Amino acid sequence: MFHLMHRLMAMNSQEVLKPDNEQNPEYMFIDREHTRLLEDKIISALSVYEKKVLDMYLEGKDYIEIAKELNKQPKSVDNAIQRIRIKVARIGKRGELDY
């Protein structure tokens, strides 16, 4: 299974050349660890339903497909995605990670 952050980044990714310091193995390790901790924080903030919706959304499914598979109304899926976006934004804005 892909890591959440990698799947989120893949949705809007562009190849960017990184400065030499970002290719340093120590920096890369710290960056991976930070990404993992951020991913864990996001996952722990989501409900079971929101996690299901997010997984399906990141697989490329639209609101209608997700709603049919989960036997929900499309508006319920839309609401879940809005809640997910708010939670991710709050976590990103605070930059809080429990080390």
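These legends describe close-up views of a predicted model.

**View 1**
Read along the sequence, the pattern is α-α-α-α-α. The protein has 99 residues, and 24% of them count as buried. Its accessible surface comes to about 7,500 Å². Carbon and sulfur atoms hold 54% of that surface.

**View 2. Helix α3 packs on helix α5.**
Two packed helices are described by the angle between their axes and the distance between the axes. Helix α3 covers residues 48-58, and helix α5 covers residues 74-94. Their angle is about 95 degrees, and their axes lie 9 Å apart. An angle from 65 to 115 degrees counts as roughly perpendicular, so α3 is roughly perpendicular to α5. Which residues of α3 meet α5? They are Y49, E50, V53, L54 and Y57. On the α5 side, the partners are S76, V77, A80, I81, R83, I84, R85 and K87. By class, the residues of this contact between α3 and α5 divide into 8 nonpolar, 1 polar and 4 charged.

**View 3. Helix α3 also crosses helix α4.**
Helix α4 runs over residues 63-70. The axes of α3 and α4 come within 10 Å and cross at roughly 130 degrees. That angle makes α3 oblique to α4. Is the crossing left-handed or right-handed? The crossing of α3 and α4 is right-handed. From α3, the contact uses Y49, K52, V53, M56 and Y57. From α4, it uses Y63, I66, E69 and L70. The contact of α3 with α4 has 7 nonpolar residues, no polar ones and 2 charged ones.

**View 4. I81 is a buried residue of helix α5.**
Find I81 in helix α5. Is I81 buried or exposed? Its relative accessible area is 4%. Buried means under 20%, so I81 counts as buried. Which residues does I81 touch, leaving out those up to four places away in sequence? I81 touches V53, Y57 and Y63. V53 and Y57 belong to the α3 side of the contact with α5. Y63 belongs to α4. I81 and Y63 are 18 residues apart along the chain. Their C-alpha atoms are separated by 9.2 Å.

**View 5. I66 is a buried residue of helix α4.**
I66 sits in helix α4. How accessible is I66? Its relative accessibility is 0%, so I66 counts as buried. Leaving out residues up to four places away in sequence, I66 touches V53, M56, Y57, K61 and V77. V53, M56 and Y57 are among the α3 residues that meet α4. V77 is one of the α5 residues that meet α3. Compare I66 with D55, 11 residues away along the chain. The C-alpha atoms of I66 and D55 are separated by 9.8 Å.

**View 6. N71 lies in the loop between α4 and α5.**
Look between α4 and α5 to find N71 in the loop. What is the phi of N71? Phi is near 55 degrees. That is a positive value in a residue other than glycine. The relative accessible area of N71 is 72%. Exposed means over 50%, so N71 is exposed.

Methods
Residues numbered from 1 in each chain as written. Predicted model: local features only at pLDDT ≥ 70, side-chain atom pairs only at ≥ 80, totals over all residues. Heavy atoms only, no water. Axes fitted to C-alpha atoms, helices over the stretch in contact; angles between N-to-C directions. Helix = DSSP H or I, 4+ residues; strand = E, 2+ residues; numbered from the N terminus. Parallel < 35°, antiparallel > 145°, perpendicular 65-115°, else oblique. Contact = heavy atoms within 4.5 Å. Nonpolar A, V, L, I, M, F, W, Y, C, P; charged D, E, K, R; others polar. Left-handed = near helix turned anticlockwise from the far one by under 90°. Buried < 20%, exposed > 50% of the residue type's maximum accessible area, 1.4 Å probe, protein only. Areas by Shrake-Rupley, 256 points an atom, 1.4 Å probe, with all protein chains shown as cover.
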